[in-house]
Amino acid sequence: MTLARRLVAEGLGSAFLLAIVVGSGIMAERLAGGNVALALLANAIATGAGLVALILTFGAVSGAHFNPLVSVSAAWQGQLPAAQLAPYIAAQLAGALAGVMAAHAMFELPLLSAALQVRTGPSQWWSEFVASFGLLGVIIGCSRTRPGATPFAVAAYITAAYWFTASTSFANPALTLARAASATFAGIRPADAPGFILAQLAGAGSATLLFGWLYRPAPETGSP
């Protein structure tokens, strides 16, 4: 699979992911009649369902990372050539922003608008650490033991993490930056994005170290 095809898959998949997250958030808020819990539930279900479809669609092409954390971890583990890391991340960032614009256009909103949703403080940052740690743990554990189940495990984890984390589990720097350009239900104030991203990087790095050790292949031994 050529690098160009991989980058198109990463960009397109990231765009659809953000269109799902932001678009379902807008629709949920409009239809929930002020019930924030119902809106969040709808947003979480749509995101989880979309993730399964996107990972199954693009996984065979690019690995369906859609997330700089996943790409950095894959490069760290030797699964992604280092020279491809920057292009992967660039495709994810560009795709994520395009996805936000596509969602806004579908709902007749300005293509880009600075988010106003305040998401900051130690509990939010810890939530993003936990969310990112868990996401990378699920990816590493499942991909090394039952790769066919990985799309479903990732989607199930993200759906759950919408609810058990105070931050609603962004766990993705590209998604975080793109959502900072969306003054909607899914937004995050631009000033709050750096704190989220630092926590995400710390969580993903910790998970890569721990789960890489837990699932390290057993050394080969000679015949007795």
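What separates phenylalanine 129 and phenylalanine 133 in helix H5? The legends below, which describe a predicted model, begin with this pair.

**View 1. Phenylalanine 129 and phenylalanine 133 form a stacked pair of rings.** Both residues belong to helix H5 (residues 122-145), and because they are four residues apart there, about one helical turn separates them. A pair of aromatic rings is described by the distance of the centres and the angle of the planes. For phenylalanine 129 and phenylalanine 133, the centres are 6.2 Å apart and the planes stand at 15 degrees, so the pair is stacked; planes under 30 degrees apart count as such. Phenylalanine 133 has a relative accessibility of 23% and therefore counts as partly exposed. Phe129 and Phe133 also belong to one aromatic cluster, together with Trp126, Phe211 and Tyr215. In the whole structure, a search finds seven aromatic pairs.

**View 2. Phenylalanine 170 and phenylalanine 196 form an edge-to-face pair.** The ring centres lie 5.1 Å apart with the planes at 75 degrees, so the pair is edge-to-face. Phenylalanine 170 is in the loop between helix H6 (150-164) and helix H7 (173-179), whereas phenylalanine 196 is in helix H8 (residues 193-214); the pair therefore ties together parts that are 26 residues apart in sequence. Both phenylalanine 170 and phenylalanine 196 are buried. Over the ring of phenylalanine 170 sits the charged end of arginine 179, 3.6 Å from the ring centre.

**View 3. Aspartate 192 and arginine 189 are joined by a salt bridge.** The distance from N to O between the two side chains is 2.9 Å. The count for the structure comes to one salt bridge. Aspartate 192 has 3% relative accessibility and so counts as buried. Arginine 189, at 31% relative accessibility, counts as partly exposed.

**View 4. Leu38, Leu41, Ile45 and Trp163 make a nonpolar surface patch.** The area of this patch is about 390 Å². Helix H2 (residues 36-62) gives the largest share of the patch, three residues. Isoleucine 45 has its place in helix H2.

**View 5. Helix H1 covers residues 3-31.** At 1.5 Å a residue, the 29 residues of helix H1 should span 42 Å, and the C-alpha atoms at its ends are 41 Å apart, which agrees. After H1 comes glycine 33, which has a positive phi, near 60 degrees.

Conventions. Residues numbered from 1 in each chain as written. Predicted model: local features only at pLDDT ≥ 70, side-chain atom pairs only at ≥ 80, totals over all residues. Heavy atoms only, no water. Phe/Tyr/Trp six-rings, centres within 6.5 Å; stacked < 30°, edge-to-face > 60°. Helix = DSSP H or I, 4+ residues; strand = E, 2+ residues; numbered from the N terminus. Buried < 20%, exposed > 50% of the residue type's maximum accessible area, 1.4 Å probe, protein only. Lys NZ or Arg CZ within 6 Å of the ring centre and 35° of its normal. Expected span 1.5 Å × (residues − 1). Patch = residues over 30% accessible without salt bridge, like charges linked within 9 Å, V, L, I, M, F, W, Y side chains within 5 Å. Areas by Shrake-Rupley, 256 points an atom, 1.4 Å probe, with all protein chains shown as cover. Salt bridge = Lys/Arg side-chain N within 4 Å of Asp/Glu carboxyl O.
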